[in-house]
Amino acid sequence: MTDAVNVREVVLSVLMEITEEEGLSHLVLRRVLEKYQYLDKRDRAFITRTVEGTLQDMLLLDYIIERFSRVPVYNMKPLIRNLMRMSVYQLRFMDSVPDSAVCNEAVKIAQRHGFYNLKGFVNGVLRNIARGQDQIEWPDKNEDPCRYLSVMYSMPQWIVERWIAQFGQETTETVLKRFHEPAPTVVRVMTEKVSVQTVIDDLRAEGIQVERHPYLDYALEISGYNYLQAVGAFKKGWIQVQDISSMMVAEVAAPNWGDACIDVCAAPGGKALHLAEKLRGSGSVQARDISETKVARMKEAIERSGLANIEAMVRDAVIYDESAAGTADIVLADVPCSGLGVIGRKQDIKYKMTPARQTELIRLQRQILHTVHGYVKPGGTLIYSTCTIGADENQMNIKWFLENYPFVLESIDGYLCPELRDRTTKGGFLQFLPGVHRSDGFFLARLRRRG
Amino acid sequence: MALRQIRIQGDPVLEKKCREVKEMTPRLLELVQDMMETMHAESGVGLAAPQVGILRRIAVVDIGEGGPGPLVLVNPVLLSQEGEQEGAEGCLSVPKMAGKVKRPQHIVVRAQNEKMETFEIEAEDFLARAILHEMDHLDGILYTTKVEGGLYEVEDTDDEDEEEETE
């Protein structure tokens, strides 16, 4: 008999696609797990854990490898590089796999892929790491805090540098540490349909752990379920997954009865739906997005919600829509961003972002603000938000916007629970930091168009 | 010792019932050693004598990591079985294919080793699956006749990146 599938080969091919070919980790992994549905639970768990762990700790793993290899990681053949990373991950973090098995399997894989002359290299370096991993010399925390944090939490150095400059070393470490802990699932209760207590009782009856979120009375943190789509409250349309920071957008937008709202980058639609719910059947919400497939999916979500005051449509946020000029009481601009606030959920984002790509994104963000600011009625509200951390895509964009357009920042203290208020919220914006706040990383600002 | 040629599905030898081994001759001992070597060379986890063209009740099993090491099973008999498991199997005689097969979860088997000493082995999960798969071969049964949901192709990971590495 043969093994139907060599799980380590699967892990390696997934890593290759993500690190060498721009595949997105959550999509590649989902596709592969669907393809190998017939594998047993243990094999599927091994694939998921090894892929996610190797990505999460990649810079740490590279640092270890380079303490034992004369060849730097970036000079290795891509296949060997990823084989070494996943093997060192198993050596260091997976006690259930014997070291000898890790080394032997790695050698076999190298050989199967034609790297006969590298068998000795793979075997030698891995065995030395297995023996010597307790005597590794780490970067000095006080001498070179930037390198230390970069290696220990596997965050590219340029990002760590900027965060230390903006938030200080201690806060930066708090945020980085939080990214290494599993992020809880937060759901929003559809309070139009059902009471929060009913949902809590219903979830608990299914054996799911539920905790009320301190920031909003209709937000719940849930854990201890296998598959969300199978949860009763989800099937009944009582709850929707949304991070607490995203819920704050509609809270801070605070629509009045009958308001006309436009969400210019709405997909997947959570914030727009939340806004429509808050309007209690009055007013209107246009959920716009550039992607036809995403708009189609939003239409389905709207259908499911049963809300009549929201409509999804295909519109490009950088093409000026004359018909929308001066029509909106509220405009949401939740712009495309580097996504550094949600690294806890998508580990590979951090390696794919570069200063050049970020500059491109900032240009796009400003272009969107320039295009859509005119949709806001005089006296109306513009909410700017991103799911990233750092001044470049957030405060700097707001500063630029205020200098060029007839808008002012407005205090958001009145919409926030006391724990979230600080000197910036009084000024009109808030940078959510994981570990500091009980949320993903997120930024939002409330701007009023001068009348 | 030598590697032996593996017979591929369609070869009538794979559909015949094997004869019992009465005594361990030098020829059969050499067969056992060759089977073990062939199984390891082909990255298999089990191999039965008919797969190398010999109609005798001999099988070798080695599931590697998490298993008891290499096993020689001469004249194996299933003493008891319990429960059920479902999982994917492949076979060196059916290259590049795999399929889902239901097997008992837990088994007890009695067999002789290469010295003809009788022993009993308890196995579950993947080891039970591998042993039963090989025992089927001894009765001329291929796993393809037990597959549920059809066979599917599995990618061949060999022969890629045949480039020379320089350091």
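Good morning. Among contacts in chain B between residues at least 6 apart in sequence, 67% join residues at least 24 apart.

Taken along the principal axes, the box filled by its C-alpha atoms is roughly 50 × 40 × 35 Å. Buried residues account for 34% of the 167 in this chain.

How far can the coordinates of chain B be trusted? The average pLDDT of chain B is 88, and 91% of the residues score at least 70. Residues 157-167 of chain B are another matter, for there pLDDT stays under 50. For this stretch the model has 16 contacts beyond four places in sequence. Where pLDDT is low, predicted coordinates should not be read in detail.

I turn now to chain A. This chain contains 19 helices and 12 strands. Its radius of gyration is 24 Å, close to the 22 Å that the globule rule gives for 451 residues, so chain A too is as compact as a globular protein of its length. The C-alpha trace of chain A spans about 75 × 50 × 40 Å along its principal axes. Of the 451 residues in chain A, 44% are buried. As for its contacts between residues at least 6 apart in sequence, 71% join residues at least 24 apart.

Finally, I would like to examine one helix pair in chain A. A packed pair of helices is described by the angle between the axes and the distance between them. Helix α4 of chain A covers residues 58-68 and helix α7 of chain A covers residues 119-132. They pack at an angle of about 105°, with their axes 9 Å apart. Since angles of 65 to 115 degrees count as roughly perpendicular, α4(A) and α7(A) are therefore roughly perpendicular to each other.

Which residues of α4(A) and α7(A) meet? From α4(A) come I64(A), I65(A) and F68(A), and from α7(A) come V125(A), N128(A), I129(A) and G132(A). Classified by type, this contact has 5 nonpolar residues, 2 polar residues and no charged ones.

Thank you for your attention.

How values were computed. Residues are numbered from 1 along each chain as its sequence is written. Chains are lettered from A and ligands numbered from 1 in the order in which they are written. This is a predicted model: local features need pLDDT of at least 70, side-chain atom pairs count only at pLDDT 80 or more; totals for chains, interfaces and linings use all residues. A residue is buried if 20 or more other C-beta atoms lie within 10 Å of its own, exposed if 12 or fewer, and partly exposed in between; C-beta atoms are placed from the backbone. Two residues are in contact if their C-beta atoms, placed from the backbone, lie within 7 Å. Axes are lines fitted to C-alpha atoms, for helices over the stretch in contact, and angles run from 0 to 180 degrees between N-to-C directions. Helices (H or I, at least four residues) and strands (E, at least two) are DSSP runs, numbered from the N terminus. Angles under 35 degrees count as roughly parallel, over 145 as roughly antiparallel, 65 to 115 as roughly perpendicular and the rest as oblique. Ala, Val, Leu, Ile, Met, Phe, Trp, Tyr, Cys and Pro count as nonpolar, Asp, Glu, Lys and Arg as charged, and the others, Gly among them, as polar. The radius of gyration is taken over C-alpha atoms; the globule rule is 2.2 Å times the number of residues to the power 0.38. pLDDT is the predictor's confidence in each residue, from 0 to 100.
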